[in-house]
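Notebook open, structure loading. I want to look up a helix pair, a domain record and a loop residue.

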Number of protein chains: 2
Amino acid sequence: MSAVYFDKLIEQVRPQRPRKVAVAGAEDIVVLKAVAEAYHMHIAEPILCGNEQEIKKLAREHQIDISDFSIFDASLEQAAKTAVSLIKEGKADMLMKGLLQTSDLLRAVLDRENGLHSDKTSVLSHVSVAYSPILQRMMLLTDGAMVTYPDLKTKAKMIENAVKAARGLGIEKPRVAVLAPVEVVNSEMPATVDAALLAVMNRRGQIRNCIVDGPLAMDVALSEEAVRHKGIVSEVAGRADILLMHNIDVGNSVIKSFVIGGSCLLGGVIMGADAPVVLTSRSDSDQSKLYSIACAASICGN
Amino acid sequence: MSAVYFDKLIEQVRPQRPRKVAVAGAEDIVVLKAVAEAYHMHIAEPILCGNEQEIKKLAREHQIDISDFSIFDASLEQAAKTAVSLIKEGKADMLMKGLLQTSDLLRAVLDRENGLHSDKTSVLSHVSVAYSPILQRMMLLTDGAMVTYPDLKTKAKMIENAVKAARGLGIEKPRVAVLAPVEVVNSEMPATVDAALLAVMNRRGQIRNCIVDGPLAMDVALSEEAVRHKGIVSEVAGRADILLMHNIDVGNSVIKSFVIGGSCLLGGVIMGADAPVVLTSRSDSDQSKLYSIACAASICGN
């Protein structure tokens with residue numbers, strides 16, 4: 001992706017002002033580079049939690065300027081707790097995973113007393129923010145990474161999380177397509193049944209701030225031409241902002257298909273806690289990492 | 001897709017000589033155009049089964065030259081049976097759906113006495129032949145259209161069908177990736193369990209003429225870079241020819257993601273009967289229709 005083009009994309013998801021990001025386990029060169037880049041682009045203000053000596057050593061070795069960043073010295077065991085407490089105290093806006101294990105970070109987030117899961121009815125779910133150069137549009141996909149086989153109630157919560165993310169990214173009333181292999185209700189295809197139920201739940205005010213429709217197949221969700229061809233009447237079809245996928249089998253493969261086979265730029269954020277949580281992976285491209293941070297900053301900032 | 005580029009693709013899947021395609025319900029302008037084009041490209045020799053008067057009228061109206069094609073006059077009810085019997089008698093090599101319903105065509109194929117399902121242990125499954133301009137490669141995906149929620153035994157049969165298709169397309173020993181969200185066996189993720197079992201079945205000679213590995217996530221199946229990054233050791237990872245997807249929820253969404261979000265050219269054929277069956281849809285692009293016919297002709301011809 002060309003630099004100019006990428007800059008335009010970042011502009012689309014840029015928060016109104018830089019947001020404070022608490023990095024748990026910041027002694028990680030990939031993460032340090034990403035947050036330093038985000039800082040220089042006025043997207044985020046990093047607060048580094050971790051082994052101070054190690055962080056400074058890494059920054060020196062890789063010539064990363066971290067002189068403007070706050071550092072909270074903490075062991076790897078303590079880093080997640082420290083980062084979480086910064087958010088709890090209102091000193092940071094979002095959380096980011098550094099060197100530690102995802103499970104350790106989430107344990108700190110979900111901690112009953114000191115965690116960030118104050119709304120116990122909420123579900124933690126992963127929302128991918130993909131930009132497709134072929135479709136020339138952004139879409140939010142959930143969930144390819146975290147929730148495995150959600151029931152109807154969990155799916156409703158996942159929509160709420162994705163809607164919150166979409167609104168943070170400036171989509172005031174997102175269109176949610178609940179995906180299935182066909183557009184008709186077929187009692188032998190659970191995805192179609194859940195989709196129809198979620199659509200009605202939306203009409204009855206049980207899922208708010210969005211327009212939910214389903215069952216819709218992927219082509220009908222995204223392509224106006226497919227909608228015309230199949231003669232589907234829907235406020236969502238052809239222009240879905242959010243794609244809710246039946247389970248992790250679908251979500252994981254679809255998201256990776258868009259990235260590998262569709263050159264999509266992908267960011268991702270965990271929603272459902274008191275603050276967005278960014279998990280970038282070592283294998284993410286630098287652009288993808290920055291895109292994730294910018295999306296999360298925009299989500300918690302707007 | 002540019003014409004020159006498309007010609008190269010067709011060259012890749014061209015049968016050694018034109019194959020005889022029996023069209024059931026040929027009084028369909030979309031199908032007539034497609035088979036006429038295939039004829040002019042020396043890919044197929046159409047045999048038209050259907051209302052002769054209607055077929056000739058349509059051809060005249062749309063200036064399609066069908067003077068070289070055999071026509072078997074038959075009512076719409078009889079057209080499928082006529083086309084099937086042509087294959088049974090060795091007068092045609094493959095079947096193609098015209099105006100009639102898919103279910104009516106398949107009923108004729110599956111007819112116990114006069115059908116094309118002589119190996120009763122085989123399963124009818126749909127194999128998509130996708131060419132990705134981004135990955136610059138062909139891959140076979142199964143099943144996004146026909147088999148819904150296959151058990152282990154059915155999945156093994158589906159692999160056999162896809163392998164037969166791949167070999168027809170010139171891939172002598174196809175690499176089969178059984179997809180799942182992760183690369184480890186997790187008893188709470190049925191896709192990973194089936195994948196591991198299918199891999200072992202392959203090693204024990206229960207699934208032949210191919211190399212099966214799984215569980216593999218989509219990125220690891222297709223991208224050498226992802227393989228290196230995750231440190232997966234596999235003969236299949238990074239270069240899968242066939243992608244077996246857990247069920248129709250995954251298959252349908254993934255295939256449509258590749259087409260809509262990845263500009264893939266898609267052909268498709270039903271395998272498992274005595275001859276390949278082509279079902280092109282009115283919404284397929286002209287290139288896609290021709291690609292389907294060429295793939296099927298190559299599959300039954302080689």
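Which hand does the crossing of α6(A) and α7(A) have? I get right-handed, meaning the near helix is turned clockwise from the far one by less than a right angle.

Ground rules first. I am on a predicted model, where local features need pLDDT of at least 70, side-chain atom pairs count only at pLDDT 80 or more, and totals for chains, interfaces and linings use all residues. Residues are numbered from 1 along each chain as its sequence is written, chains are lettered from A and ligands numbered from 1 in the order in which they are written, and side-chain values use heavy atoms, without hydrogens and water.

Back to the pair. I have α6 at residues 152-168 and α7 at residues 190-203 of chain A, packed at about 55° with axes 10 Å apart. Helices are DSSP runs (H or I, at least four residues), strands likewise (E, at least two). Axes are lines fitted to C-alpha atoms over the stretch in contact, with angles running from 0 to 180 degrees between N-to-C directions.

Next, the domain record. UniProt, in an unreviewed entry, lists residues 77-297 of chain A as "domain: Phosphate acetyl/butaryl transferase". I find 41% helix and 19% strand over residues 77-297 of chain A, with the end C-alpha atoms 26 Å apart.

Last, I checked B:Asp119, in the loop between α5 (102-110) and β5 (125-132) of chain B. B:Asp119 and B:Ala273 sit 154 residues apart in sequence but 7.7 Å apart in space, C-alpha to C-alpha.

Note on methods: UniProt positions renumbered as here; feature names shortened; annotations may be inferred.
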